[in-house]
Every structure is written in C-alpha cells, then in structure tokens.
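Here is a report on aromatic contacts, cores and model confidence. Please read it beside the coordinates.

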Amino acid sequence: MLLKIISSLKLTVWLLVFSLVLVFFGTLDQVHFGIRATQQKYFESLIALWQYPLQWPLGESLHWLHFPIPGGYLIGPLLVVNLIAAHTTRFVFKWNKAGIFIIHLGLILLLLGQLSTQLLQEENYMWVEEGKSANYLESHHHDELVIKDVTDSKVDGIVSIPIDLIDKKPSSLQHPRLPFRVETRAFYPNAAIVEGSRLTETSPEMIFNRGLGFEKDFVVWDRPMTYMQDERNVTTAIVDLVGTDGSLGIWLVSNVFDETFPAQRFSYEDRDYEIVLRIKRTYLPYKIELIDFSHDRYMGTDIPKNFSSKVRIINSQATEDRQTLIYMNNPLRYKGRTFFQAAFDQQTEKSSMFQVVNNPGWLIPYISCGMIALGLIYQFGFRFIRSSRNKN
Amino acid sequence: MINPFKYPSRSILSIAALFLIGCKRQQIVYYEIAKEDNSIEQLAGDTDLNRESRGLPPETTGSAANPNWTIPEGWLPGKTSTMRRGSFTVLGPDNQGVDISVTTFPGDVGGELLNINRWRKQVGLSPISIDSLDEHIVTKTISEMTYRIVDFSTEQPTLDDNYPQRTIVATVNQEGNSWFFKMTGDAPLVTIQEEVFMGFLTSVHF
Amino acid sequence: MKKAITLSLILFAILYVGRSLVPPRYNPAIEVKQFAQLPILYKGRLKPMDTAARNALLIIHGKQTYKDKSGERISAIEWLMDLTMRSDVSDDYKVFYASHPDILGLFNIPHEKAADFKFNFSFNELLPHLEEIERQAKLANTEAQLRTPYERSILKLRQDLVLYQQLAYSLASPEYVSSLEEEYQVYLGLMSAGVRAFNQQQAGEDHNEEALNHFMSFAHRYQLLSETAAFSIIPPRIGSLESTSWQTAGQSLIETIMTGKIDEVVLAYASVIDAYRSENHGNFNAALTELNTFIEKRNNTGWNSFRFEYIFNYLSPFYLSLTIYVLVFIIVCLSWLVWPVTLGRAAYWLLILAFSVHTLGLIARIFIQGRPPVTNLYSSAVFVGWGAVLFSVFLERMYRNGMGSAVAALLGFCTLLIAHHLGGSGDTLEMMQAVLDSNFWLATHVVTVTLGYSATFLAGFLGLIYISRGFLTKSLDKSTAVAIYRMVYGTVCFALLFSFVGTVLGGIWADQSWGRFWGWDPKENGALLIVIWNALVIHAIWGKIVLERGLMILAVVGNIITSWSWFGTNMLGVGLHSYGFTDSAFFWLTLFWLSQFIFIAIGLLPHGYWRSRLEDSRQ
C-alpha cells in the first residue's frame, strides 16, 4: 500500500506543487533575508516556516501568519525516492518511452549532484593588490577565532576555531596545542564597537581586561544581523583564556580589527601568542601575484566593458612560476580551484578580487542536463513527428 | 535486483546514515604557515568602527553636492574621472605638469594614517608611522573651515618623471563627508602653484 | 467575391506598410534629413543624431514628436536642432511634464491653468524655479524604493532639465553670437599671445595681462562646454569611426591650445550653426554637405550604418506590426462567426505580413547593435512576441482553424505594446554590462529561455481563448475543443524543452563565469518555476489528473508564473539580475494576474454556465 503511494504519479505532482511553492516563497523572502540565509532556511532544510512579512501591506496585523512548507532536503530526496519507486514498480521499458527513462535518470543524477555540491563546494574570495601577492583565500560567510603561536622566528602555528563552535552558548574549548582553555564569555553576531571616551550616555559594563578593547576603552553594542548582499556582519566575541592557574585575561576580539589595527599579543609560559577573530582563511601552498589590473569602459560612459587581471602563479613546491590573464568568462583553473575575475577596488582600480571555487562535483550538472535534454528531444521529437504524420 | 521497498526500515536507516556522513562537522584545526607580519604596531585613524568589510568595496563616492569654488587663472581642465568632483591641470616650462583633484567620500576612508600612506605610496614614498603622524599634519583655518594639510616630496626624481614629485593634500570634513583637495606633480611647479592652490582653497564655500 | 475580400484586405495592409516607407516630412527648405544622419557618440554607442533626438524627446516629453502652439507637429530631430543651435527658440517649447499637485504648488501654478496645457511646461517657465527644483531633488530619499511619488516626480523633472541643458551644450555654447566662425577665428588669433602670456605667468615673469585674460575667458567657456555636453561630435582623426577617442566640441577646442589648429569638423559645425541661426537656408545646406565630407573622410568602414539606423527609426517596424496584429485578431474573431474559410485565410496572410515586418525589425536591431536579439527587457518583449507568433504560425498551418492566427495576433500585439512602453526610458539599443558581454551566451541561453516564455504564454493564451469562446459564445464545438487541447499539449511539451534547456544553459554560463551552476538567484528561481510548472502540467495530463478543461486552466496559470518570472523577479531588487522597481510595472502586473484569476474562475465554473455545449472529451 505504502509502495503504491510512494511510486504514484499523484505523489509526483504533489511534490512538484510543493517545490513550486517552496521556490516562490523562498524567492519572496530573499528580499528581506538575502540569498544565503534564504538558501539555508528553504532549500537546505527539512521544513521551512514562512511568515507574513512586516513590510507588506497589513503587515502589522498579519505578521502572526506562519505556514510551513516542506524544505529542499525533504522534497529532493522524496522526489528521488518517488522516481526510483515508479520505475521499479510501474514502468516497463519500451523503446518509444526510452526518452522518459533517460530524462528521469538524468534528473536523479542532477538532484544528487546538486546535493553533493551543496555539501562539498567551497566558495571563497581573494583580494590582491597590484604589485603584491596573496597566498590565502577568505570566506564569504564564515569567520574564525584564531590563536597564533608566534614564538618561532620562521613559522606561525595557527589554531583555528570555527565561529560556529563559540556562537551558541558560553562555551569552553580545548586543543592539545593550547596550554589554556578558550572560554567565550559573550558573542555578538553583529555589533557596533565605539571608543568609550566618545560616549555621553551610559554604556554596558565591559569585562575585558587586556588587549585593544581594554586599552582603547571600547564599548560593544549588540546589533541585529544584516542580510544585505554587500554588507558583512561585525562578528564580535569576548574571550577568556584560562590556564592552570586561572585566567590569563579577557580579550575583545572582532572581525573588524583587521591588519590596520595592532595585533593583540600576549605571552604565557615562555611562548608568545596572538589572538584574533577574523574572516576564515584557507591558506594555499602557492602565491598569486597581481601584476596589472586593467578596466575598460564604453567610451563616454561608466558602463564597464571588461576588466582583466594579469597574474603570476608562484608555486615554490612545484617550482612553478608563470603568468596568465584572468578576465570575465575566462577563469584560471589551478590545482583543483578555479579563480574567477569577480570585482575590483572601484576607488583605486589597483586591487582585484577573485572568486575562488573548489567544486569536485562540477561535472555532474553538465552530464545530467545533457541526458535530460537528449531525453526531451527524443521524447517530444517522437511525438511531434507522430502527430504531424497523423494530421496528414 | 533487490527491491529496496521490500525492506523499508533498512532503507530508511541507510539513507539517514548517508545524510549524517554528508553533513560536515565543525572542528578546531591546527596548521602552520610561514611567518606573517602584517600589522602596524600602532593604532591608525579614527575608531568609529562600523566599517564596510573588505568583501566588497564601497561603491559610492558620496552624494554630497559640490562646493562652490573659483577656478584660478592658469588652471586648465584636467583628467576626467568618475571619482573626481573637480579636476584641473597646470602646465609649466620644460614639460612640467601639476594635477589638482577634488574628491569626496563618506566617512574618512579608513583614517588619516591610511590615506597619507596611500598618497605617499603613489609617489613611491615609504609609509610613515603613527608616531610621526602629527608632525606631518598642519591644521589651518581657511575661510572659516578647518583643513588638515599634508605636504611631502620625494628627494629625487622618480622613475617616470624628470623632477622630484611633491604632493599637497588639504582635507576638510563637511556633513560627514571627507573632501580631499590634492595637488601633486613636478616639485618646482608645485612650489610656484602653492600660493594659487591656497587661494583656490580660500574660494571654496559649501 | 470572397477572394476579392481577401485580396483587398491584404492589399490594404501592404499599402499601409508601404506608406511608412515614405520618410517623414520636415521643413522643406533645409536638409533636415542630412542633419539627422550625422554621426555622434552618445552613451557609449555611435548613432545618428536622429536617434539621440528621438530618445531625448521621448524621455522628456513622452512622445517622439512635439506639437507647437499652432498645432503643427515638429519632429524630434527638428526639436533637437532648435535646442542645440537656437536654444532661445526651443526654450519656449512646452516639452517638460509635471502634473504632481505638490510640484504645481511649488511653482504657484493653479491646477486648471496647468491642465489647459496638459501639464506641459517650457524651459523658460521653469527657469525661475530651477534652484528650488534642485533643492527639492537633493532632499529626496537616496534609496530609490523608498521614494514617495512626489520625490520621484521632482527627481524626474530635474533629470529632464539636466538632460535638456546637456543637449543644449552639445554642439556649441548656447549663448547667441552672431558668428561662431568668427568667434573661433578670434580664439585662434589670440592663442599664441595668450599661451605665451600664460607660460610667462606660470614662471612668475611679466606678461601681458590683457592677452592672458582675454584668452582665458575663451578657455573657460570651452571648458564649460566640454564638461556639460551630452554627446561627442568630433570623430577621431586617426583610426576608424569606431575607435575610442571621439571628442566633444569643447574638448576639441581645448585641445587646440596644444595643436595650434582648430579641427575642421569643429569649424564645419560652426558654419552649419551660423547658417541655421541666421536662417540662411542655402548656406545651411552647403555647410552641412561640407561637414559631411569631412566626417566621411574619417570613416574607413565604407558603410553608412547611420543612414540605416535613421531609416529604421522612421519605419518603426514594431509599431507597424503591432497595428497589423490588431487587424488580424479582429478578422479572425469575425471568421469564427461568418465566412470561416475566407476570413481565416485573409487573417493568415495578414499575419504573415505582420510577422515579416516584425522579423525584419528584429534583424535590423541585430545588425545595428551587433548582438543577438535579446539584450535587455525591451528586446526580450519584442522577441517573446516573435517566438510566440512563429510557433503559432506553425500551429495554424497544422490545424487551420484560426486559433493559431488568433493567439499569434493577441500575443504579438500584447508583447509589442509592452515593448513600446518599456522603450520610453531611453536608448533601447544600449550597451551591455561587462558581465553580460558574451554574444555566444546571449545567443544561446537568453534566446532559448525567451522562447520558453513564448511557448508557455502561447499555451496560456490558447487556454484563454478556449475559456472565452466556451463561456461567451457557442462556437466552441467538439472538434475545435479537441484541436485546441492538442495544440496546448504540444505547446507545453515545447515549452518544457525550451525552458529547461534555456535554464540549464544559464547554469552553465554561470558556472563558467562565477564557478557556481545554481545560486538560487530570484531570476534563476523564476526560470525554475516555469520548468517545474511545465513538467507538472505534463505529469498531470499523463496521470489523468486533469482532462481537457483542466489543462486549459493549468495553461492559464502558466501565464501567471511566466509573467512573474519575466517581470516580477526584476522588481525584487535582489541578487545578480536586479534591474529595479517601477511602480507602473507592478500595477500592470497585478492587474494582469487579476485578469488571469478571473479567467481561471470562469474555467472552473460547471458546464451549465458555459454557452458552448461541451462534454469532457477523452483522448
């Protein structure tokens, strides 16, 4: 009985209807929550809960209206299961229906491929200035809390703690490389940090007692998260490092403290450390140097015509040192990563930004869509020829 | 072929297992890199810290209206650029040239030290440290506005020019926007034009 | 008799098309046509003066012609001629539009008085209020989506005024001088003394103050000219016309300081302007001819694309085909009531005529722009219509029951009307952003997706006609209904194929450009919705979940989904495809959706309510 339902065409139609509703309401929500947050809420979840937006007409009175929609991780697998069930129970292979088999097989492959992409793909970016080089990628969305061992003169030892580990509740973490515990006293997904001396109103009590926050008398206010596409949240935390004898100190760390700020360093048990909260980095075993960035506009206007970066890849391990050009629709594929020309510093026009993608499953959509297209042409071409023959 | 649907409970379990394996678990990682030393030891600039991230640079040059000014005699129209609210050029003997630009941005674009070091870099000078920042800035009141002025030159002619280069930048804040009046070019001509430049600043009224 | 009707209808239509081949009538004394074909560089694209004139007048005035005080129609190019060469005259033309009561209040103009002139104002009437307009515009909200209607109106008015001024400064300084040629000669004469004095002053030496001042006053004048001009008129001396360094009149005059000579094109323009100002027609035509020879000398291509675009402008092929589509639809509807074969055939051939004109217009656009047919919203509308008509022509040939012609005419008319309204914001042949700058993907992905829109709309409009005919008339008999059913089914299959392939091509393009095949961008989601919907319809048919009437209703839902994908997603302002929000577009979209819901509701009514007798027909 259950099998009959799982393999039924009616279920397929219902699932398609639900997917329609999901995509539509997900798109509507993108206005307020941005693409990434909506992706997680709607397409990377089992159930999505849609809420009547405040910004719509009668928003105030209708804001209580919620309704649940099956999410991507529910509909996708169900569709795959439904397809497989239908084929194993109901379908009989006939040559004139071969197209449909190919289409469905391609579809299953596509869905599985998209799932693997969602789970495995890494998308980062990299800024390089003309005349300089960069050897790490930065994440669009993730931050990390890093404690660096800077004692050695040649090598820095990086302990990277993903932000997700310290953001939910006050947490306590340990790592064999660190002789102290890392305890998070407070976490702000987005914050405003201002010098205390500048303030006239009363401000919340700040408990940090070392480092930048303490020296500059900073005050931290919690702020609602931003979902706008070109804004980044000021991820901030107050971290207490606790050794065997008690606390070494409490620091204020934030991803807004970039390299124009003094490093927050300290010593413990004859070793020097640095603590920093920053955009999550992925270091590469090679360097990319920007030799020249150029940007053309259509004459007499500001509309960009093309932009391109001449870069040099310096890989000491592979003794590689070569130049190449990266521009729109012409990325650099190197060592499993693809570098796309994404943006540039519009003020100075001397810095270039690359979108760097690592997607092992990149081939799957090509194969699966090719299959589906072939199946469609086969199936409909067949029908078209047959029906026009009938007409005559 | 085994029909998975004959054994529904087993199938569900295996699918669930696949899912769990697929989901990445967050972990603390340790790795080593060659030594980096990329922070200045001192603080830079103002510290009102809600800055845009480096993810995408700010796109606007501000929508503030241009002030009024009187273009001095001898100043010809200079290079056009979307960033420049005003652009002039002065030509001198022996192919000397001087470029004057007026630009504006909301906020302070990263702070004084960063700006000064950027301008220094444009003529090939090394950056200065926060300690010497105050020595380099002169504050002047011109036409009831407070300008912070920096003035520096290279000792020798640079690679591209036959003369040493000199840059004078006067910065003023107006309604949350920073306005930069910058004159840069061959040092002898800049010296001659210095007074004219000051006169130009006197004529600037918002 | 019946043949005669058919032939005469077709002849009438051909004459109508032929009539538009006649160039517009201008002031016969001067060579307006030659002036209209002068090449300029405006907004990054080389075009004839005529295009700039039409676009500018359309933006400011809402039409491509202007009716003056005596009721005479002035063409856009003649308006531009007055604006650039005799601005004292054009400043009295009431071309600016402002109807918002708060703006009228700002000018202290009573509503009734403004209404007399249809809320049109001349530059001179607005002149005393310029400062206030500027002030009000600055106060407006910087975020476009949060502006009030008043703010939008005042900003538009200001923008129009700025455009007007820039155009006025594009050929020469609008201040009236009796002889521009003389002015330029004086400038040239002063130059050596002036430059010498200038250099002396720079070096701190003694100099001739008077010579310097005199010279600098010219230099400042031309500097203002170069900063304010809307378009460039001086082609580069070296290289071809397409190369990058066109100059405005002012820039060229400033460059004269270094070269010591005035560009011959500048001087030729000066003669033209002088002749126009002094109303000396003979001189004007002669000067214009001379100007053309100078410009021709710099043209290495050997082909005058400006003349081609000028002809394209006055032919307005899309407007032509739009009107013929209306005629086709009327005749087809008549053919369902009386003389089906004759009128049906007449309608079919008229449709072919309209489609040919439509196609020629599309080809002309491709030729002028050098790009595949769909590059912006305007051209997507034109192409959706074209694709839909193409499919429908095939349907008509197969079924011969007038349905194909009807739906072709309907869709052709609607899409061209939409295009016409979209064209009011400027140059429809505008340059493309760097990201989209790839002819291959424009020709494959964009064209296929647009054809997917065409097919889905086609199915939807067939559904609309089915419901209308069934509910309102008795003409929906069994064979017609079955025929329509087959048509819709076939069209949905095509729609699925094209929309799927198009969406996938978009994914591949994205993967090649940004490294990700699918990013859940609103426009991508919109396309996905169409694919899912078409797949859903097919499965619903196969599962016998819907029968004949149900299919029609589903097809009409397809209209809603496709229009959401085409226009709705643009209004959200999110993601990589955002173009911005326009109030009126949202209003019309909502109205369209409402109309479709009404049709769906009618479709759901039980049989008894329909005038045509129908039973559920099974395949």
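## A buried tryptophan in a loop

Buried means under 20% relative accessible area, exposed over 50%, and partly exposed in between, with a 1.4 Å probe and protein chains only. By that rule Trp520(C) is buried, because its relative accessible area is 16%. Trp520(C) sits in the loop between α22 (478–514) and α23 (522–542) of chain C. Helices (H or I, at least four residues) and strands (E, at least two) are DSSP runs, numbered from the N terminus.

Contact means heavy atoms within 4.5 Å. Leaving out residues up to four places away in sequence, Trp520(C) touches Val23(A), Gln30(A), Ile35(A), Gln39(A), Phe43(A), Gln118(A), Asn525(C) and Leu528(C). Tyr16(C) is 504 residues from Trp520(C) in sequence and 48 Å from Trp520(C) in space, C-alpha to C-alpha.

## Basis of the model

This is a predicted model: local features need pLDDT of at least 70, side-chain atom pairs count only at pLDDT 80 or more, and totals for chains, interfaces and linings use all residues. Residues are numbered from 1 along each chain as its sequence is written, chains are lettered from A and ligands numbered from 1 in the order in which they are written, and side-chain values use heavy atoms, with hydrogens and water left out.

## Aromatic pairs

Rings of Phe, Tyr and Trp (its six-membered ring) pair if their centres lie within 6.5 Å; planes under 30 degrees apart count as stacked, over 60 as edge-to-face and the rest as tilted. Over all chains, the structure holds 62 aromatic pairs. Phe266(A) and Tyr273(A) form a stacked one, 5.6 Å centre to centre with 25° between the planes. Phe266(A) counts as buried because its relative accessibility is 3%. Tyr273(A) is buried too, at 3%.

Trp566(C) and Phe567(C) form a tilted pair: 4.5 Å centre to centre, 40° between the planes. Both Trp566(C) and Phe567(C) are buried. One aromatic cluster draws on two chains: Phe24(A), Phe25(A), Trp50(A), Tyr52(A), Phe67(A), Trp564(C) and Trp593(C).

## Charges over rings

A charge sits over a ring if NZ of Lys or CZ of Arg is within 6 Å of the ring centre and within 35 degrees of the ring normal. Arg469(C) lies over the face of Trp336(C), 3.9 Å from the ring centre. Arg549(C) has its charged end over the ring of Trp610(C), 5.4 Å from the centre.

## Helices of chain C

Helix α24 (residues 548–566) of chain C is mostly covered, with 18 of its 19 residues buried. In helix α16 (residues 305–315) of chain C, the buried residues are Phe306(C), Glu309(C), Tyr310(C), Phe312(C), Asn313(C) and Tyr314(C). Just after α16(C), Ser316(C) takes a positive phi of about 35°.

## Nonpolar cores

A nonpolar core is a set of buried Ala, Val, Leu, Ile, Met, Phe, Trp, Tyr and Cys residues joined through side-chain atoms within 4.5 Å. The largest has 138 residues, and Tyr466(C) and Val488(C) have the most contacts inside it. Helix α22(C) gives this core its largest share, 18 residues. A second, separate core of 89 residues includes Tyr26(C), Leu126(C), Val266(C) and Phe284(C).

## Confidence in chain B

The predictor's confidence in each residue is its pLDDT, from 0 to 100. Chain B averages 72, and 67% of the residues score at least 70. Over residues 40–63 of chain B the pLDDT is below 50, yet this stretch has 67 contacts in the model beyond near neighbours in sequence. Where pLDDT is low, the predicted coordinates should not be read in detail.
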